[in-house]
Amino acid sequence: MMLLAAACTKKERISYGLLDQELYEDKTLKTKNKNESEYISILYTNLYQKPISPNELYKTQNVVYSIGDRTLAYEMLLSNYFNQGTVQIPSNNNMRGRLDSFVLDTYKRFYLRYPSEAEKTWFRNYIQANPDASVEMVYTAFAASDEYSFY
Amino acid sequence: MKRKEFIQKAGLLAAGGVAAPYILPGGRLFARSNTPLADHVVLVMFAGGVRQQEAVLQRYLDDSQGVNSAGNIMYNLLEGAVPVSKIAYGTTAAGGTAGGQPIPRLLSQTLQKQGTLFREMRAQSAGHYVGLNTLITGNPGTAQGLKARPNFPTIFEYLRKHAGYQASDCWFIGNTIGNSTPLLNSSEHESYGLQYGGNFFAAPLTFGSAGKDVLSNAKPYSDEELAPMYAMKNFLDQNFGLNPEQFLSVRNNPEERTRIKEWMRDVYIRLANGQIPFPPVNGGGDSFNIGMAAEVLRAFKPKVLVVNMSAVDGCHSNFTGYLQSLHRADHATGWLWDQIQRNIPEMSGKTMLIVAPECGRNLKPNPIQDENDWYAYDHSDPNALRVWGLMAGPNVPQDLVVGSETSPSGRLTDIVPTIAHALGIKDEVMNAGLLDPLARSLFDRI
C-alpha cells in the first residue's frame, strides 16, 4: 500500500487560457487551385455525403482532364450527379422557406466561409425575384465558380 | 491554279486585304495584314513520326527491310503507283493474309493533285511533344519541357487575340490525355495564355466508354433554368475577382458553353445509336479522333481545327503495324477532307487543309523484328528531321510540288504563319516576334 501510494502522483491539469474559436476560410487567402482529383473528391463528398471510390475518382478525373474548358466539364459532371437523384440537397421549398439560413449554409458548405452582408443580400434578393432559381442551379453556380476551385 | 496564276491572285488579294479593315467582336477596329485566303483551316498532325522513305519517297520496303518492293501506300494524299508485292499494309480479309487487303482509295483525286506538296521539309525536333509544339506554336521549342504548356503562343491564341475569334472558333482534338497532349490548346506565355486558348477534347476519352459513364447522363437544362445559374455564377466569380492570367483552363462564354454541352449530350446519344459517321476502315483511336473532329466541324464550323493521330508511332516495335497505321492515317485524312467537301456545306470550298507529321524516323532500324521479320524504327537521328507537308483548298496552287531531296523547302515552324496567312493575320503573328526566325508562310515559299 505504501509503495502504491508513493507511486501515484496527482496529474496536474494544464490550461492555456484559449477560447473556443470557430474556424472558417477567408476568400482572400484562397490562393492554391484544387487539382482535378481534389476538386472531384471534395465535390462528390459534398453532394453525396460519402467519399468517392478510387476507381470512380480515377475515371472521372481522366474524363475531366480530357476536356479543355474545365468549367464546362464540371458543369456536365454536376448535371450528371444531379440526374442520379441520390445527391443530398435540400428541396426548393426548404430553400425558399428558410432563405437566410440556406444562403449561409451554402456558403459554408461550398466555400467554408461565411458570406458577407452584401453576398447574403444579393442571394436573398436574387432567389426571391427568380422563381427559376432552384437549389440545383444554386449548387451548380457555387460548384462551378472560380472560388470553389481554390483553397 | 498554276504558280503564275497563284502569284497574280495572291498579289491582288494582299492589296485588297490591307485596304479593308474589320471590326473585332469586341468592337475594336483592326486593319487586316492580309486578306484571308480561306474561311477555315484544318491542320492534321500526321500521325506519330512518319519516315520520309515510306511516305513521299514511296519506297515501301525498299529502303527499310532490304526487300525489293517499292510503292505508294498513302494514295489519298500522294500521287504514285501502289506496291505490287509483299502487301502487308492493308486490312486482313477473312481467310486472307495479314494486311493483304489494301483499303480502297476514297478520294477521286489525291490531295497532292488538289493542292501543293512540300516534298522535303525540315522538322526542328525528332521528338513527339516538341514536334507537336512546333506545329502549333511556330517555334522550335528547344527549351520546351514535357508536362508543361507550350512556352510560346499557340495558333489558337494568335487567332483569338489578333483576329478576335471566340473559344468555340478554335479547336484542338487530341487522341489521348497522355504525352501532355491536353496542354497543347494554350501556352503559358504572359502576353497570351489560357484566356486566348482553344477548346480541347481528347475525343477517345471524352466520348469513349469512360466519358459515357461519367458524363452521358447529363440533364437537359432549358435556357430558363440555366440563366439563373449563370447569373449567380457570374456574381460569385466577380466577387472572387480572378484575373485572366490566373485562369485554370480555357473559357467559353456561357452561350458557347451551353451550346457545347447540348452538342455533347447529343453526341452521346448518337454514338449509342451508331449515328456518328467514322472513316469506313476502323483505325482505332486515330479513326475515332478523326470522326469526332468531323463532328466538331459539322457542329461549330470553327475557324481553325487541329487534330492529331499517333498510331504510326507503333513503328518503335512493329514495322508491319506502322505500315498499316500509315495507310489508315491516309485513309482517315482523305475521309475527313471528303466529309468537309460533301457533308459540311458551310465549309465546303472554303476550307484549307494542311497535313504534316510532327517528326520523321531514323535511317537505320533498331534490333526489334515483327512477325514478318521486318525491323522497327525509332526517331532520333537526322533522318528523323526529314518531313513533308501538304496543303489544299482555296487559293492553294493545285498540282504543285515544292522542294526535293536535294533542295529542301519549308520547316515545320512554317505551319503557324501559314495558318495565320490563310486567316488574314500573318503580319500580326510574324511581328509578335515569338516564331522561329526562319519561319515563313508556306505561301511565301512557293
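Colleague: Why is Thr206(B) called buried?

Modeller: Its relative accessibility is 0%. Buried means under 20% relative accessible area, exposed means over 50%, and partly exposed lies in between (1.4 Å probe, protein chains only). So Thr206(B) counts as buried. Keep in mind that this is a predicted model, where local features need pLDDT of at least 70, side-chain atom pairs count only at pLDDT 80 or more, and totals for chains, interfaces and linings use all residues. Residues are numbered from 1 along each chain as its sequence is written, chains are lettered from A and ligands numbered from 1 in the order in which they are written, and side-chain values use heavy atoms, with hydrogens and water left out.

Colleague: Which residues does Thr206(B) touch?

Modeller: Contact means heavy atoms within 4.5 Å. Not counting residues up to four places away in sequence, Thr206(B) touches Ser66(A), Ile67(A), Phe201(B), Gly211(B), Lys212(B), Met264(B) and Tyr268(B). Thr206(B) itself lies in helix α5 (residues 203-206) of chain B. Helices are DSSP runs (H or I, at least four residues), as are strands (E, at least two), numbered from the N terminus.

Colleague: What makes the pair Thr206(B) and Ser66(A) a polar contact?

Modeller: A polar contact is a pair of N or O atoms within 3.5 Å; within protein, one must be able to donate a hydrogen and the other to accept it, and residues adjacent in sequence count only if both atoms are side-chain atoms. The side chains of Thr206(B) and Ser66(A) are joined at 2.7 Å. Across the interface of chain A and chain B, the rule finds 20 residue pairs in polar contact, both residues at pLDDT 80 or more.

Colleague: Which element gives the most to the side of chain A that touches chain B?

Modeller: That is α4(A), with 11 residues. In total, 44 residues of chain A are in contact with 47 residues of chain B.

Colleague: What area is buried between chain A and chain B?

Modeller: About 4,100 Å², with carbon and sulfur atoms giving 66%. Buried area is the accessible area (1.4 Å probe) that two parts lose on being put together, summed over both. Met76(A), Met137(A) and Asp146(A) supply 15% of what chain A buries against chain B, more than any other three residues.

Colleague: What makes Lys261(B) and Glu75(A) a salt bridge?

Modeller: The rule asks for a side-chain nitrogen of Lys or Arg within 4 Å of a carboxyl oxygen of Asp or Glu. Here the N to O value is 2.5 Å. The pair crosses between chains, from helix α8 (residues 254-272) of chain B to helix α4 of chain A. Both Lys261(B) and Glu75(A) are buried. Glu136(A) and Lys219(B) also meet in a salt bridge, at 2.9 Å.

Colleague: Why does Asp436(B) count as buried?

Modeller: Because its relative accessibility is 5%.

Colleague: How far apart are the closest N and O atoms of Arg445(B) and Asp414(B)?

Modeller: They are 2.5 Å apart, and the two residues form a salt bridge. This pair links parts of the chain 31 residues apart. Both Arg445(B) and Asp414(B) are buried.
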